[in-house]
Amino acid sequence: MLITGKTRIVGIFGNPIEQTMSPYMHNAAFEALSLPYCYLPFNINHNDLEASVRSIIPLGIKGVNITIPFKMKVIPFLDELDRHAGLIGAVNTIEVREGRLIGHNTDGNGFIKAFNEEIDLPIAGRRFLIIGAGGAARAVAFALAEEGAGEIIIKNRTVEKGRVLADDLRKNFFSLKISVMEFNAYGINNLITDGDVIINTTSVGMKSSDPLIIPPDILRPSMAVCDLIYNPPETPLLRGARKSGIRFMNGLGMLLYQGALSFEIWTGLKAPIEVMREALIREASKTKCRTE
Ligand SMILES: NC(=O)c1ccc[n+]([C@@H]2O[C@H](COP(=O)([O-])OP(=O)(O)OC[C@H]3O[C@@H](n4cnc5c(N)ncnc54)[C@H](OP(=O)(O)O)[C@@H]3O)[C@@H](O)[C@H]2O)c1
């Protein structure tokens with residue numbers, strides 16, 4: 001990539017940031033389309049978030065992604081939120097538009113695109129068990145509700161956070177059936193049945209010592225399992241799904257599509273999905289080799 005005086009900067013704000021895969025897919029996309037853009041990682045100190053966001057416009061940065069732990073904290077420093085970011089209460093993409101900072105959230109739609117491609121089951125009317133109630137869970141839950149999901153069961157370690165998410169969903173989706181389970185509650189085997197989809201939105205499964213997040217005997221061949229984790233590519237939950245012969249996907253597809261949607265917000269151009277996918281897969285396989 002040739003950096004010149006005309007290169008436009010986009011990037012990602014997070015802390016830590018070393019692990020991010022986003023630069024690979026975005027820079028591959030810019031190169032494939034010969035766009036004069038460069039995507040950079042910014043490791044932002046917690047106390048410097050406001051100053052960093054306020055520097056975006058003066059430095060001429062065209063837009064940034066926002067990742068852990070700033071997706072909610074960044075909101076007070078923005079001029080406007082789009083509908084998804086407002087509903088979810090978290091921002092993963094900032095766009096600079098006519099000198100104003102606009103917050104978007106592409107995580108939910110990124111999940112839906114990956115789900116449709118990899119799981120390929122109708123969402124309308126279906127029951128989903130969402131494990132977790134953090135920013136990613138909120139994005140996924142609102143996106144599923146918008147797609148007409150029939151029922152959402154939320155199971156989170158901090159049950160109060162699960163209740164807040166359930167209340168926020170109820171206020172916006174009147175016909176959606178919603179319930180909240182205690183994290184270690186028994187009886188999940190009777191609640192989750194054929195045709196249901198289980199989605200892990202927690203970070204449990206990233207470490208090889210992590211426990212299985214659900215009892216293994218609840219899996220049935222007609223179910224599907226999604227894990228938002230993409231490193232490692234196969235968590236204990238997904239290993240269980242594979243061994244049970246059921247449909248499953250990891251978080252790489254969601255990462256790809258949320259990034260593609262950010263790319264389209266910044267450039268106004270259609271994202272070169274296959275180029276971005278190849279870049280992610282290439283890098284993910286290297287990461288896998290490094291951790292083995
Ligand atoms: N594939 C993608 O594109 C994509 C996009 C976004 C996020 N993600 C992944 O999704 C995961 C969550 O991200 P986030 O932004 O939602 O983070 P977050 O807002 O910090 O939420 C973390 C969630 O995980 C739960 N959790 C954490 N440690 C736990 C443990 N030991 N036992 C049980 N529950 C635990 C938390 O429960 P409490 O409420 O009880 O703390 C909370 O529900 C991360 O692994 C992230 O990498 C993937």
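Select Ser34 to start: this residue sits in the loop between α1 and β2 (37–43). The model in your viewer is predicted.

**Stop 1**

Most residues other than glycine have a negative phi. Is Ser34 buried or exposed? Ser34 has a relative accessible area of 63%. Exposed means over 50%, so Ser34 counts as exposed.

Now jump to Asp120. Look for this residue in the loop between α4 (107–118) and β7 (127–131). Phi of Asp120 is near 55 degrees, again a positive value in a residue other than glycine. Asp120 is exposed, with a relative accessible area of 55%.

**Stop 2: two cis peptide bonds**

Select Asn15 and Pro16. A cis peptide bond joins them, with omega at about 0 degrees. Most peptide bonds are trans. Pro16 belongs to the loop between β1 (8–14) and α1 (22–32).

Next, select Ile68 and Pro69. Here too the peptide bond is cis, and omega is about 5 degrees. Which loop holds Pro69? Pro69 lies in the loop between β3 and β4 (80–81).

**Stop 3: a buried asparagine**

Move to Asn65. You will find this residue in strand β3 (residues 63–66). Asn65 has 3% relative accessibility, so this residue counts as buried. The side chains of Asn65 and Tyr39 are joined by a polar contact of 2.7 Å.

**Stop 4: aromatic rings**

Show the aromatic side chains. How many aromatic pairs does the structure hold? There are seven. One of them is Phe142 with Phe173. Phe142 is in helix α5, and Phe173 is in the loop between α6 (159–172) and β9 (177–182), so the pair ties together parts that are 31 residues apart in sequence.

Check how covered these two residues are. Phe142 has 2% relative accessibility and counts as buried. Phe173 is buried as well, with a relative accessible area of 16%.

Then select Phe30, Tyr37 and Phe263. These three form one aromatic cluster.

**Stop 5: a buried aspartate**

Go to Asp196. Find this residue in the loop between α7 (188–191) and β10 (197–200). Is Asp196 buried or exposed? Asp196 is buried, because its relative accessible area is 5% and buried means under 20%. Where does the side chain of Asp196 reach? Follow this side chain to the backbone nitrogen of Thr193, at 2.7 Å.

**Stop 6**

Select Leu255, in helix α9. Leu255 is buried, with a relative accessible area of 10%. Leu255 and Gly110 are 145 residues apart in sequence. In space, their C-alpha atoms are 7.0 Å apart.

**Stop 7: the ligand**

Finish at the ligand. Show the 22 residues around the ligand. Which of them come nearest? They are Ala136, Asn156, Thr158, Lys161 and Gly251.

Now pick out individual side chains and look for distances to oxygen atoms of the ligand. Begin with Asn156: a polar atom of its side chain lies 2.7 Å from a ligand oxygen. Go on to Arg157, where an N or O atom in the side chain is 2.9 Å from an oxygen atom of the ligand. Then take Thr158, where an N or O atom in the side chain is 2.5 Å from a ligand oxygen.

On its own, the ligand has 920 Å² of accessible area, and the protein covers 78% of that. Which elements give two or more residues to the shell around the ligand? They are α5 (135–146) and α9 (252–267). You have visited both helices already: Phe142 lies in α5, and Leu255 lies in α9.

Colour the shell by residue class. The shell has ten nonpolar, nine polar and three charged residues. Then colour by domain. Domain 1 (8–105 + 253–291) and domain 2 (108–250) each give at least three residues to the shell around the ligand.

Definitions and conventions
Residues are numbered from 1 along each chain as its sequence is written. This is a predicted model: local features need pLDDT of at least 70, side-chain atom pairs count only at pLDDT 80 or more; totals for chains, interfaces and linings use all residues. Side-chain values use heavy atoms; hydrogens and water are left out. A residue is near a molecule or strand if one of its heavy atoms lies within 4 Å of it. A polar contact is a pair of N or O atoms within 3.5 Å; within protein, one must be able to donate a hydrogen and the other to accept it, and residues adjacent in sequence count only if both atoms are side-chain atoms. Accessible areas come from the Shrake-Rupley method with a 1.4 Å probe; for residues, only the protein chains shown count as cover. Helices (H or I, at least four residues) and strands (E, at least two) are DSSP runs, numbered from the N terminus. Ala, Val, Leu, Ile, Met, Phe, Trp, Tyr, Cys and Pro count as nonpolar, Asp, Glu, Lys and Arg as charged, and the others, Gly among them, as polar. Domain bounds come from an automatic or database domain assignment. Rings of Phe, Tyr and Trp (its six-membered ring) pair if their centres lie within 6.5 Å; planes under 30 degrees apart count as stacked, over 60 as edge-to-face and the rest as tilted. Buried means under 20% relative accessible area, exposed over 50%, partly exposed in between (1.4 Å probe, protein chains only).
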